[in-house]
Amino acid sequence: MNLTFTPATDADATLLAQLNCQLIIDEQHRNAMTPSELEERMRGWLSRGEYEAVLFHVERQLAGYALFRREPEHVYLRQFFIAEAFRRRGLGRAAITWLRENAWQGTPRVRLEVLIQNERAIAFWRSVGFADYCLTMEMNA
C-alpha cells in the first residue's frame, strides 16, 4: 500500500467539507451544518491558521484526513477520517504513526474527543495508544 500525506490548504476546503459530512454521518454526530456551512467553516479555520489538515492518499486516491490544532501543552485532534473503502487495512494506524512522527513530532500529548456511542472509534483510539482521560456529560434542559 503506497500511502502518502499532503498538507491541506484552504483551497482543499470543499474536499475536506465533503469528508467531514461523511464523518458526521458515520459517527452519528448531531451537527446539523450543511455541506456549504462545513466548507465555509473549514476554509476559515485553515485560512486563519487556527487548524492544520493533512490529506491521506493511497495510490493517488484520497483515503482520509486529519484536522488538528496546536495548543501550548498538546495537539487537539478535532477530526480524523478514513473513507469506508480504505478501512480495516491498517491505514488509520499508519496515519496516526505518520502524524506522531512528522506533524506532531515533539508534542508531549495528543487529545481528541469521541462520541460515547461510537464504539468502533473508541476501540480504534485505544488500540493506537490513547487512554481515557475524562468524560463530558450533558443533560437536556
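A contact means heavy atoms within 4.5 Å. In this protein, residues 24 or more positions apart account for 58% of the contacts with a separation of 6 or more. The model is predicted, so local features need pLDDT of at least 70, side-chain atom pairs count only at pLDDT 80 or more, and totals for chains, interfaces and linings use all residues. Residues are numbered from 1 along each chain as its sequence is written, and side-chain values use heavy atoms, without hydrogens and water.

Start with the fold. The protein has four helices and five strands. Both are DSSP runs, numbered from the N terminus: helices are H or I with at least four residues, strands are E with at least two. Their order from the N terminus is β-α-α-β-β-β-α-β-α.

Next, the interior. Buried residues (under 20% relative accessible area, 1.4 Å probe, protein chains only) make up 38% of the 141 residues.

Now look at the aromatic rings. Rings of Phe, Tyr and Trp (its six-membered ring) pair if their centres lie within 6.5 Å; planes under 30 degrees apart are stacked, over 60 edge-to-face, the rest tilted. The count comes to ten aromatic pairs. The centres of F5 and F56 lie 5.6 Å apart with planes at 75°, so this pair is edge-to-face. F5 sits in strand 1 (residues 3-7) and F56 in strand 2 (residues 52-58), so the pair ties together parts 51 residues apart in sequence. Both F5 and F56 are buried.

F56 also pairs with F80: tilted, 5.7 Å centre to centre, 50° between the planes. F80 belongs to strand 4 (residues 75-82), 24 residues from F56. Ring pairs link F5, F56, F80, W98, F124, W125 and F130 into a cluster.

How values were computed
Buried means under 20% relative accessible area, exposed over 50%, partly exposed in between (1.4 Å probe, protein chains only).
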